[in-house]
Amino acid sequence: MATGIETAGLILAAFPLVIGALEHYEHGFQVIREWMRFKGEFAAFLNALIRQRIFFRQNVEELLGPIVDSEYDMSVLLDNPGGEAWADETLNAKLRQRLPGKYEYGLSGSSKLPAVENSGSNTR
C-alpha cells in the first residue's frame with residue numbers, strides 16, 4: 001500500500017501533465033473561437049455583398065425601366081449582362097439619351113460587370 005508521501009509525489013507529478021493537457025485544449029478552443037468569429041464575420045460580409053448586388057440590380061432596373069419595352073426584354077438584359085441584347089443599337093441610343101454625357105463613363109467598367117454579375121448567379 002502506498003504511503004502518504006508516495007501518493008503526494010504521484011499527485012505532484014500529475015500536475016504538470018494536467019496543466020499541459022489543459023493548455024493544449026485551450027489552444028484548440030482558441031482556434032475554434034477564432035474560426036467561429038471568422039465564420040460570423042464572413043457571413044456578415046456575404047450578406048452585405050448580396051444586399052449590394054440587389055441594390056445594383058434595382059438601380060439597373062430603374063435605369064432601364066423607361067427604355068425597355070417589355071418585362072421579357074428587361075429579364076434578358078438583367079439575366080445576361082454583357083450578352084447580345086446589350087449590343088442592340090436602339091438600346092444604346094436610348095441609354096445615351098437617358099445618360100447624357102455619362103454614357104461612356106458609365107460603361108467604362110462594363111466589360112468587368114458580366115463576370116461580377118454572373119459570379120453571384122446562385123444567390124438569386
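**Figure 1. Overview of the chain.** A residue is called buried when its relative accessible area is under 20%, exposed when it is over 50%, and partly exposed in between, using a 1.4 Å probe and protein chains only. The structure shown is a predicted model, in which local features need pLDDT of at least 70 and side-chain atom pairs count only at pLDDT 80 or more, while totals for chains, interfaces and linings use all residues. Residues are numbered from 1 along each chain as its sequence is written, and side-chain values use heavy atoms, with hydrogens and water left out. The chain has five helices and zero strands, in the order α-α-α-α-α from the N terminus. Helices here are DSSP runs of H or I with at least four residues, strands are runs of E with at least two, and both are numbered from the N terminus. Of the 124 residues in the chain, 14% are buried. The accessible surface of the chain is about 10,000 Å², and carbon and sulfur atoms hold 64% of this area. Accessible areas were computed by the Shrake-Rupley method with a 1.4 Å probe, and for residues only the protein chains shown count as cover. A contact means heavy atoms within 4.5 Å. Among the contacts in the chain with a separation of 6 or more, 56% join residues 24 or more positions apart.

Figure 2. Rings of Phe, Tyr and Trp (for Trp, the six-membered ring) form a pair if their centres lie within 6.5 Å; planes under 30 degrees apart make the pair stacked, over 60 edge-to-face, and the rest tilted. Three aromatic pairs are found by this rule. One of them joins F38 and F42, with ring centres 5.9 Å apart and planes at 25°, so this pair is stacked. The rings of F42 and F45 have centres 6.5 Å apart and planes at 40°, so the pair is tilted. F42 and F45 are three residues apart in helix α1, again about one helical turn. Ring pairs join W35, F38, F42 and F45 into a cluster.

**Figure 3. Buried residues of helix α2.** Helix α2 spans residues 71-79, and its buried residues are M74, L77 and L78. These residues cover an arc of only 95° around the axis, which puts them on the same side of α2. The arc is taken over the directions from the helix axis to the C-beta atoms.

**Figure 4. The largest nonpolar core.** A nonpolar core is a set of buried Ala, Val, Leu, Ile, Met, Phe, Trp, Tyr and Cys residues joined through side-chain atoms within 4.5 Å. The largest one has nine residues: V60, L64, I67, V68, M74, L77, L78, L91 and L95. Helices α1, α2 and α3 (89-98) each supply at least two residues of this core. Helix α2 gives the largest share, three residues. Leaving aside residues up to four places away in sequence, L91 touches L64, I67, L77, A85 and W86. In soluble globular proteins, nonpolar side chains tend to be buried together.

**Figure 5. The salt bridge between R37 and E41.** A salt bridge is a side-chain nitrogen of Lys or Arg within 4 Å of a carboxyl oxygen of Asp or Glu. The whole structure holds four salt bridges. In the one shown here, the closest N and O atoms of R37 and E41 are 3.3 Å apart. R37 and E41 both belong to helix α1 and sit four residues apart, about one turn of the helix. R37 is exposed, at 55% relative accessibility, whereas E41 is partly exposed, at 47%.

**Figure 6. A salt-bridge network of R57, E61 and D79.** E61 and R57 meet through their side chains in a salt bridge with an N to O distance of 3.6 Å. These two residues lie four residues apart in helix α1, about one turn of the helix. R57 also forms a salt bridge with D79, where the closest N and O atoms are 3.2 Å apart. This second pair links distant parts of the chain, with R57 in helix α1 and D79 in helix α2, 22 residues apart. The relative accessible area is 21% for R57, which is partly exposed. E61 is partly exposed at 33%, and D79 is partly exposed at 40%.
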